[in-house]
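Hi,

Here is the structure I promised to pass on.

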Amino acid sequence: MSDITKYTITSLKQKLNNKEISATELTKLYLDKIKQINSELNAYILSTEEIALKSAAISDQNIANGSAKLLEGIPLGIKDNFCTKNIKTRCASHILDNFIPPYESTVTQNLWNNGAILLGKLNMDEFAMGSANITSFYGPTVNPIIAKDSDKKLVPGGSSGGSAAAVCANLCVAAIGSDTGGSIRQPASFTALTGLKPTYGRCSRLGLIAFASSLDQAGPISKNVTDNALMLNAIAGYDPQDSTSKNIAMEDFTKDLNKNIKGLKIGIPKEYQLNGVDQAVTKSWENAANTLESLGAEIIDISLPHTEYAAPTYYIISTAEASSNLARYDGVRYGLRVSDQGDSLNDLYIKTRSQGFGNEVKRRIMVGTYVLSSGYYDAYYKKAQKLRRLISQDFDSAFKKVDAILTPTTPNTAFAIDEKPTTLEMYHNDIFTVSANLTGLPAISIPAGLNKKHLPLGVQLISPLFSETLLYRIAKNLEEALEFNHDQLNYRITLDL
C-alpha cells in the first residue's frame, strides 16, 4: 500500500472514488512519510497533521455520500508564501517567524473548496528571492535526486524548491508554488517534474505575499501534465478582490489533452542558443524540437531580438518592486520586532530589518532602492520598463507566426549546495524563464532527458496570453512522445517507505 504515494492525482482520485483506499488512510501514508524522510530534505518547514486528518475525515464523508469535489481527498503541500488562515505563514524569513494570517489566500481557499487536503507549508528561498532554495532562514532544501556515482547534496532549484522536492520525494501528490522569474519552472526542471507559470492574472494574488507584484503568479508543480491541468482547474478563476485578476470565462484545461498537434507551428528562438549553456541542455532542446516535428508540428526559426536584455530588465524591475513591497516589514505592525529600551523609531527599524532579513533579501532591497532613487530612476527603472515593452512586442510579433515557442528551461542541471555560485552566476539560472514573467505569458516546463550524470533536464513551452489549454495540449503530446523514465534517476533517499 505504501507505493501509493507514487501515484498521480488522476490515479488517486480513481482509487478514492472506488473506495480502494480512504482519504484518511491516504493522508496518514503521506504524513508518516514526511515524518520519516523530511529531516533529510527539509522540504516542509511546518506540518499540519491535525488539520490534514480533520479534512480527510470530511473528504471520506463527501466521497461516501457522492458529493466528492474535483480534488476530494488529495493531499497537497503549499509554498510558505501563501497565507493560510490561523496557520503560520513565514515566507521562510526570520522577520515573519511568528506571523499567523487571519485570512486565507484565494488560491489555497480554491483548493480547500475543491476538497484538497493541506499536509503542511513548504520551504522556499526567503521571500521567494533565489534560484536554489538556499536563502531560507530555516535552512536549505535538498534535492531528492543525486548525480550518478555521487552523494553530493544538490539544490532543488528555487524559489519553490520545497514544493519541487516534496513532490519529487512523494511527500505530497502535487504542490503549489509561485513564479516571479522562473521559480516554478526551474525547480521543476531540476527535479524531473512538470511546472506551470500561468498567464499573469489567471490566478488570484490575494494572500500571496508579494515579492514583485507585476511579476508574481501562483502555479502548480506536479508529476505530469494531466495533474498540472487538474490543479489549474482548481486554483484559477476571477477574484474581484485582486485588481490584477482577469475576469474571463473559466475553461476546462484538460479538455484538449488528447488532441494531436498536427499543423501547429512551434517557434525556435535563435537568441536562446547561448554560449556557456550545458551541451546536454542544447541536445535535449533539439531532441524535443525533432520530436514535436515527428508529431506533425511545423518547426519555425524565429527571432526574439531583445532577449539579451531580459535578465537585467527583470532584476531591475523585480528589485524595485521588492524594495517597495518589503518596506512594510518594519517591526511595528506585525512580525519580528527588535529594539532595546531607549531606542528611537529609526533604531527599531534598523535593528528589526537588519536581523529579520537575510543577505539576499537585503541585497535586492538595496539594489531596488538604488534604481528607484531620484538620481537613477530614469537611467535604470524607466529604461527597464521601456525594454519590458520591447520584449513583449517581440513575443507579440512571434505569435503572429507560431502557436507556441520551445526553449530550454535552464542553462544547466542542479548544482551542489556547497558550490556557492556568485550572485551573477545564480541570476544566470533565470535567463530562459524571466521573459515569460516580464510579458505575463503562460509557460510550462516538462522533463526532457538526462545528462551524463543522470540529472534531469527540462524544456519549456511558451504560448500566447490565456492559452493554457493549447499549452497543455502541446506539452501532453511532447510528454507522451519523450517517454521520460523516472526510474533512471538516482535518489538520495528510499522512496518506497
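Predicted model: local features only at pLDDT ≥ 70, side-chain atom pairs only at ≥ 80, totals over all residues.

Residues are numbered from 1 along each chain as its sequence is written, and side-chain values use heavy atoms, with hydrogens and water left out. Helices are DSSP runs (H or I, at least four residues), numbered from the N terminus.

Let's start with H11. This helix covers residues 359-372, 14 residues in total, and reaches 20 Å from its first C-alpha to its last, close to the 20 Å expected at 1.5 Å a residue (the expected span is 1.5 Å times one less than the number of residues). Its buried residues are Glu 360, Val 361, Arg 364, Ile 365, Gly 368 and Val 371. They sit on the same side of H11, because they cover an arc of only 135° around the axis (taken from the directions from the helix axis to the C-beta atoms). Exposed Asn 359 and Met 366 are on the face turned away from that buried side. Buried here means under 20% relative accessible area and exposed means over 50%, with a 1.4 Å probe and protein chains only.

What do the buried residues of H11 pack against? Their partners are helices H9 (310-325), H10 (345-356), H12 (377-398) and H13 (423-427), with contact meaning heavy atoms within 4.5 Å.

Take H9 as one of those partners. H9 and H11 pack at about 100°, their axes 7 Å apart (axes are lines fitted to C-alpha atoms over the stretch in contact, and angles run from 0 to 180 degrees between N-to-C directions). The two are therefore roughly perpendicular, a label for angles of 65 to 115 degrees. On the H9 side, the contact includes Tyr 315 and Ile 316; on the H11 side, it includes Arg 364 and Ile 365.

Another helix pair is H4 (residues 106-113) and H7 (residues 225-235), packed at about 105° with axes 8 Å apart. H4 and H7 are therefore roughly perpendicular to each other too. Val 107, Asn 110 and Leu 111 in H4 meet Met 231, Ala 234 and Ile 235 in H7.

Lastly, Ser 59 lies in helix H3 (residues 49-64). Is Ser 59 buried or exposed? Ser 59 is buried, with a relative accessible area of 2%. Leaving aside neighbours within four places in sequence, Ser 59 touches Ala 23, Glu 72, Gly 73, Gly 115 and Ile 117.

Cheers

Definitions and conventions:
Parallel < 35°, antiparallel > 145°, perpendicular 65-115°, else oblique.
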